[in-house]
Amino acid sequence: CAPFNVRIETLYLSSTPGTLYYVDWGDGTPEETYVQTNATGVTITHTYPNSPVDCGYIVRIDSENGCN
């Protein structure tokens with residue numbers, strides 16, 4: 001049932017402070033950018049205001065840092 005919240009934690013072993021995460025939530029909202037500020041990852045959150053039409057959303061996350 002909508003609305004519903006999603007929480008993703010990036011506990012990636014090789015990530016470093018300054019890593020950027022670009023998130024497309026798949027629901028038509030603008031892409032969001034998150035910046036990692038510590039060595040333990042970042043918490044990414046989103047609220048879906050509507051229930052999906054076809055039983056789900058496809059979330060795409062890209063990242064970049066000084067190493068890649």
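Throughout this tour, two residues are in contact when heavy atoms of theirs lie within 4.5 Å. The model is a predicted one, and the stops below should be read with that in mind.

**The whole chain**

Begin with the chain as a cartoon, where you will find zero helices and five strands, so that the elements read β-β-β-β-β from the N terminus on. Switching to the C-alpha trace, you can follow a span of about 40 × 20 × 15 Å along the principal axes. With a surface drawn, the accessible area comes to about 4,800 Å², and 53% of that belongs to carbon and sulfur atoms. Buried residues account for 21% of the 68 residues in the chain, and among contacts between residues at least 6 apart in sequence, 54% join residues at least 24 apart.

**Threonine 19**

Next, select threonine 19, which sits in the loop between strand S1 (4–9) and S2. Is threonine 19 buried or exposed? Threonine 19 counts as buried because its relative accessible area is 2%, under the 20% cut-off. Show the residues around threonine 19, leaving aside neighbours within four places in sequence, and you will see contacts with Tyr34, Val35, Gln36, Ser63, Glu64 and Asn65. With asparagine 65, the side chain of threonine 19 also makes a polar contact of 3.2 Å.

**The nonpolar core**

Now select Tyr21, Val23, Trp25, Tyr34, Val42, Ile44 and Tyr48, the seven residues of the largest nonpolar core. The elements giving two or more residues to this core are S2 and strand S4 (43–48). Centre the view on tyrosine 21, whose contacts beyond four places in sequence include Tyr34, Val42 and Ile44, as well as Thr10, Ser15 and Ile61.

**The aromatic cluster**

Colour the aromatic rings, among which four pairs are counted. One of them is the tilted pair of phenylalanine 4 and tyrosine 57, with 6.4 Å centre to centre and 35° between the planes. This pair links distant parts of the chain, phenylalanine 4 lying in strand S1 and tyrosine 57 in the loop between S4 and strand S5 (60–64), 53 residues apart. Phenylalanine 4 is partly exposed, with a relative accessible area of 27%, and tyrosine 57 also counts as partly exposed, at 26%.

Then move to tryptophan 25 and tyrosine 48, which form an edge-to-face pair with 6.2 Å centre to centre and 85° between the planes. Here tryptophan 25 belongs to the loop between S2 and S3, while tyrosine 48 belongs to strand S4, 23 residues apart. Tryptophan 25 is buried, at 0% relative accessibility, and tyrosine 48 is buried as well, with a relative accessible area of 2%. Selecting Phe4, Trp25, Tyr48 and Tyr57 together displays one aromatic cluster.

**Aspartate 27**

For the last stop, select aspartate 27 in the loop between strand S2 (20–24) and strand S3 (32–35). A polar contact of 2.7 Å joins its side chain to that of threonine 29. To end, draw a distance from aspartate 27 to glutamate 9, which lies 18 residues away in sequence and 20 Å away in space, C-alpha to C-alpha.

Methods
Residues are numbered from 1 along each chain as its sequence is written. This is a predicted model: local features need pLDDT of at least 70, side-chain atom pairs count only at pLDDT 80 or more; totals for chains, interfaces and linings use all residues. Side-chain values use heavy atoms; hydrogens and water are left out. Helices (H or I, at least four residues) and strands (E, at least two) are DSSP runs, numbered from the N terminus. A polar contact is a pair of N or O atoms within 3.5 Å; within protein, one must be able to donate a hydrogen and the other to accept it, and residues adjacent in sequence count only if both atoms are side-chain atoms. Buried means under 20% relative accessible area, exposed over 50%, partly exposed in between (1.4 Å probe, protein chains only). Accessible areas come from the Shrake-Rupley method with a 1.4 Å probe; for residues, only the protein chains shown count as cover. A nonpolar core is a set of buried Ala, Val, Leu, Ile, Met, Phe, Trp, Tyr and Cys residues joined through side-chain atoms within 4.5 Å. Rings of Phe, Tyr and Trp (its six-membered ring) pair if their centres lie within 6.5 Å; planes under 30 degrees apart count as stacked, over 60 as edge-to-face and the rest as tilted.
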